[in-house]
Amino acid sequence: MAVLEVKHIGKHFDSTRVLDDVSFDLEEGSALAIIGSSGSGKTTLLRCLNFLETPDHGSITVRGETLFDADHPVAGQEKDLRTKRLHFGMVFQAFHLFPQYTALENVMLAEKLLAQERPDFKKKKKEIFEEIEAHGKTLLDQMGLSERMDHYPHQLSGGQQQRVAIARALALKPDILCFDEPTSALDPELTGEVLKVIRGLAEQHTTMIIVTHEMSFARDVADQIIFMDEGVIVEQGDAKQVIDHPREERTRQFLTKY
């Protein structure tokens, strides 16, 4: 079953074409890796999926619900951005943790804010917050950070901060977890610990989209790979097939660099 359907997405910045007729489906429980040179449109595609950018063309559908359709806009389409974003968990390159909050507080923050909109919040505030705290601790333990929950970001290594960011993205139980080059800001020795966490999520059949320059990781962890160049999908298919036996000459040229 396709949890995500992306159809004919296009995006321009002034006269620059960044995405051109990008279409793909993502199956429930599968991992999709997006590869390509810098400037090929990978990050812009993720930003469109998370509604951090608005596509000029195309549609985005999650679990049969059309969240965006440029050709058939509906009244109030831009007003429900927060609700739409809840379908996607985003892990950025540079962590973006709140420095004034501990690791656990960073993970709990969004869930606590959303809980205040519950009709039973005033009556069950203490119970609700206890559940959120237990959930946050479970996620940090899953990330191997049970002994770092009360540490502030400046007290954590880059790899630990990125794992907190992953736990934070998982806290709201998104349909799709998105990674934008999650190891690019890390020293080489810290990259492995983050990739290990993502590998573990893939083994648990977490539905994911991973923009990455780690070709061997993409080959071994992803189910499908998309190779992008100049805003278009040049090739897509089984991960091992695309990496080991690419069909397109442009894909072969790109992979020779790795």
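Helix H3 (103-115) supplies the largest share of the lining of the largest pocket, five residues. The model is predicted, with local features requiring pLDDT of at least 70 and side-chain atom pairs counted only at pLDDT 80 or more, while totals for chains, interfaces and linings use all residues. Residues are numbered from 1 along each chain as its sequence is written, and side-chain values use heavy atoms, with hydrogens and water left out. Helices (H or I, at least four residues) and strands (E, at least two) are DSSP runs numbered from the N terminus.

The largest pocket holds about 660 Å³ of space. A pocket is an open set of points on a 1 Å grid over the protein atoms alone, where a 1.4 Å probe fits, with protein on both sides within 12 Å along at least five of seven lines; lining residues have an atom within 4 Å of a point. The volume is the space filled by probe spheres set on the points. Among the 21 lining residues, Phe88, Met90, Ala110, Arg168 and Leu172 are the closest to the pocket centre. At least two lining residues come from each of helix H2 (81-85), strand S6 (88-91), H3 and H5. By class, the lining comprises 14 nonpolar, four polar and three charged residues (Ala, Val, Leu, Ile, Met, Phe, Trp, Tyr, Cys and Pro count as nonpolar, Asp, Glu, Lys and Arg as charged, and the others, Gly among them, as polar).

The axes of H3 and H5 come within 8 Å and cross at roughly 20° (axes are lines fitted to C-alpha atoms, for helices over the stretch in contact, and angles run from 0 to 180 degrees between N-to-C directions). H3 is therefore roughly parallel to H5, a term for angles under 35 degrees; 65 to 115 count as roughly perpendicular, over 145 as roughly antiparallel and the rest as oblique. In the contact (heavy atoms within 4.5 Å), Ala103, Asn106, Val107 and Glu111 of H3 meet Val164, Ala167, Arg168 and Ala171 of H5. Five nonpolar, one polar and two charged residues make up this contact.

Helix H4 (residues 121-142) and helix H5 (residues 158-171) have axes that come within 9 Å and cross at roughly 135°; the two helices are therefore oblique to each other. His135, Leu139 and Leu140 of H4 contact Val164, Ala167, Leu170 and Ala171 of H5, a set of six nonpolar, one polar and no charged residues.

The axes of H3 and H4 come within 9 Å, crossing at roughly 145°. Eleven nonpolar, two polar and four charged residues form the contact of H3 with H4.
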